[in-house]
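Take a walk through this structure, one packed region at a time.

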Amino acid sequence: MKTLFLEPLDVWLFRDGRPFTAGEQFRAASRFPPSPLVVQGALRAYHLMVHSTVPAWDTAAVAEVVGGPDDWGPLRLAGPLVARRTASGQLEALLPPPADAAFHDRQLRRLPVPEQPPEWLRVPAPTPALFPLWHAGEPVSEKASQPLWLRLTDFAAYCRGEPVPGVPQEELWAEEVRIGIAQDSSRRTTREGLYYEARYVRPAPGVGLLVSFTGLDWPEETGVLALGGERRSARFEAVSAFAPPPVPEPLPERFVLSFLTPAVFERGWLPRDWGAFFDGSVVLVAAALDRYETVGGFDLARGRERPARRAVPAGSVYYFVARGEARLRRTSDLPWSTVSDWGAEIGFGTVLIGGW
């Protein structure tokens, strides 16, 4: 396994999956962190250009080395996660704002655990049981002015219901808006009516992306690769002393899946079958999630846009009860687990397991 920390050498541009066609849209929004599609493309392109002699225009030969546009080849990836260097020089991984968090004085605290609903309660939920996450009498939590990110080292305490300090998003990155006008290169003039606005991401000093992967030969410890829109540069550095919390085996009787990256499910916020991800019987009893996000991108091999997919956003939390002994199925040799009907091989649905 290789783990890299990617830092920007300039601003980054990670499109949010919505189309941006000249003459039809004028605003290109960015998202941060980027979807796993962006990172897998950057890693495979670097490997192809640096470690292979295969011509880039030979589609079949390229597919043999790094895989095709949809099969991902030998690459198995987890992340990317936002991370930053601390004052001591150590890397600190940060988790997306949990959807089941209440905020107060820059602290996060999990909402009260779900309880068995009264027998008279009937809800049109597509699950055998759906527990409310808090009672109507619960004090209303303070609405945070901005999302608070959760330190990986505080995840266990957060799952125990303890208040933990959060990291405001404004400490991690800022948006930069740049405007432009399309040009007619043959006449060296601007083109009327083609004003556009692009939003870039400028991470704070020491802030970058953490990604773990297998399947690609990567002997370099440091280097530079192109990442995201406009092939902006990223400096990478191999990280040796970093490991996520181990997945408990067997799973505790009451556990949560906390999604660190978007997950694509066949039935919207539900997968085709939870049984595809677990050995043993588990029952979904509650969920906290925000609105869907759109995942897309550009297919270089085919020279066209990828299909846009709706994804459960990072930060979503699903509560389960295990009936007997149950285990989460592993999809790769990586210490991270992924739960997603599509793209699990390249990091979609990267999860942490906690209790409740």
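W342 has a relative accessible area of 18%, so this residue is buried, the cut-off being under 20%. This is a predicted model. F348 also counts as buried, at 0% relative accessibility. W342 and F348 form an aromatic pair. Their centres lie 5.3 Å apart, with 50° between the planes, and the pair is tilted.

A search of the whole structure finds 24 aromatic pairs. Another of them joins F265 and Y318. Here the centres are 6.5 Å apart and the planes stand at 80°, so the pair is edge-to-face. F265 sits in the loop between β15 and β16, while Y318 belongs to strand β21, so the pair ties together parts 53 residues apart in sequence. F265 is buried, at 6% relative accessibility. Y318 is buried too, at 0%. Both residues belong to one aromatic cluster, whose members include W269, W274 and F320.

Now turn to the nonpolar cores. The largest has 29 residues. Inside it, L4, L43, L225 and L227 have the most contacts. Elements giving two or more residues to this core include β1, α1 and β13. Beyond its close neighbours in sequence, within four places, L227 touches residues including W12, F14, V38 and A234. Another core, of 24 residues, lies apart from the largest one. Among its members are A78, F103 and F242.

Finally, look at helices α1 and α2. Their axes are 10 Å apart and meet at an angle of about 110°. The two helices are therefore roughly perpendicular. R44, H47 and L48 of α1 make the contact with V62, V65 and V66 of α2. By class, that contact has four nonpolar, one polar and one charged residues.

Notes
Residues numbered from 1 in each chain as written. Predicted model: local features only at pLDDT ≥ 70, side-chain atom pairs only at ≥ 80, totals over all residues. Heavy atoms only, no water. Axes fitted to C-alpha atoms, helices over the stretch in contact; angles between N-to-C directions. Helix = DSSP H or I, 4+ residues; strand = E, 2+ residues; numbered from the N terminus. Parallel < 35°, antiparallel > 145°, perpendicular 65-115°, else oblique. Contact = heavy atoms within 4.5 Å. Nonpolar A, V, L, I, M, F, W, Y, C, P; charged D, E, K, R; others polar. Core = buried A, V, L, I, M, F, W, Y, C linked by side-chain atoms within 4.5 Å. Buried < 20%, exposed > 50% of the residue type's maximum accessible area, 1.4 Å probe, protein only. Phe/Tyr/Trp six-rings, centres within 6.5 Å; stacked < 30°, edge-to-face > 60°.
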